[in-house]
Amino acid sequence: MDAFFPMLKNVILFVLLAVPGYVLVKTKVFKQEHSGILSKLLVFVGSPFFIVYNMLNVEFNAQTIKGLALSFILYSVCIFAFYFISPIFSRAKHDDLIKAQKQRQMMRFCEIFSNSGFMGLPLALAVFPGNHTLMAYLIVCNIANNIFMYTMGVSLVGGGQEKVNVKKILLNPVLISFIIAIPLNLLDVKAFVPEIVTYTGWFNNIVTPLAMTVIGMKMAGISFVTIFKNKPNYVVCLAKLIIFPVIGIALALLFALMLPDEKFNLAMCSLICFATPTAALASTFGDQFGGDADNAVIYTLGTTLLSVITIPLLYMVLVAIL
């Protein structure tokens, strides 16, 4: 329990950052659709500087490079595992067969893909400040997450009818900022221009509150009663917040046998990547590719609310194991 309550406190404080966004929409100071503007600010400004700032502070050596490679491979293995397991937890009953199929596909998407960017990275920053190696692993996993979302995820939501958007993958701000940050680190630019750390650090600091403000604004647009009355939502939450994270952590501990010194970082990386709620893009993909957008919002918010308890519980068990 020594590990549970500190993590619970951090997660609660973290989730409470969503309150201003919720209140702003409920009091009609902002409209819910304004969250899209803030999301773009987060994607194209906050997140890239967050990545550059943390990558500048990573000490590259043989162990770190192996850890980055293992993180990418680990994440990829887990996603494929979840893809083949997810049909077990994705059953929907509906008179309209097409709607039932769309619901099953969206359930699978919401079980497989995490909010590892908007929520995972800021949460890790709050819980593990100064652990830049862990941040680097998470960034690599987030790159993998984006690649799989715009390929496997798009296919799932669109029922296999959508073409893979290579441009979306290659021009993703996360990937671009990572590519920019590597030479900046290797050339030790911060030693000659230390102001770059200060500058990127200012933007780094907006990521956490901005990400949670966006989530709060989205939460204001749906009734909590609707969330808790939706029975498939509980199945999605079980798979997304408990079963798949446990599988991911188990595989991380197995992978750590190849790099024992990085056992903690690999395990925590897996926890943050897979125990965080459903990807915020679920409803956006539903709208864009003709999927079940309405239930996507319910699954996203349901997993977000219940993760307040499940993340500290999994963290407590993982700390006991480590």
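Is Cys-237 buried or exposed? I found 4% relative accessibility, so Cys-237 counts as buried (buried is under 20% relative accessible area, exposed over 50%, partly exposed in between, with a 1.4 Å probe and protein chains only).

A note on the source: this is a predicted model, where local features need pLDDT of at least 70, side-chain atom pairs count only at pLDDT 80 or more, and totals for chains, interfaces and linings use all residues. Residues are numbered from 1 along each chain as its sequence is written, and side-chain values use heavy atoms, leaving out hydrogens and water.

Next I looked for disulfides (cysteine sulfur pairs within 2.5 Å) and found 0. For Cys-237, the closest cysteine sulfur is in Cys-110, 9.7 Å away, which is too far for a bond. Cys-269 is in no disulfide either, with the sulfur of Cys-141 nearest at 3.5 Å. At 2% relative accessibility, Cys-269 is buried too.

Then I turned to Leu-138. Leaving out residues up to four places away in sequence, Leu-138 touches Leu-121, Ala-124, Cys-269, Ile-272 and Cys-273 (contact is heavy atoms within 4.5 Å).

Last, I checked the helices (DSSP runs of H or I, at least four residues, numbered from the N terminus). Helix α6, residues 116–127, packs with α7 at about 175 degrees, axes 11 Å apart. That makes the two roughly antiparallel (angles over 145 degrees, between N-to-C directions of lines fitted to C-alpha atoms over the stretch in contact, on a scale from 0 to 180). Among the residues that meet there are Leu-121 and Ala-124 in α6 and Leu-138 in α7.

Notes: Parallel < 35°, antiparallel > 145°, perpendicular 65-115°, else oblique.
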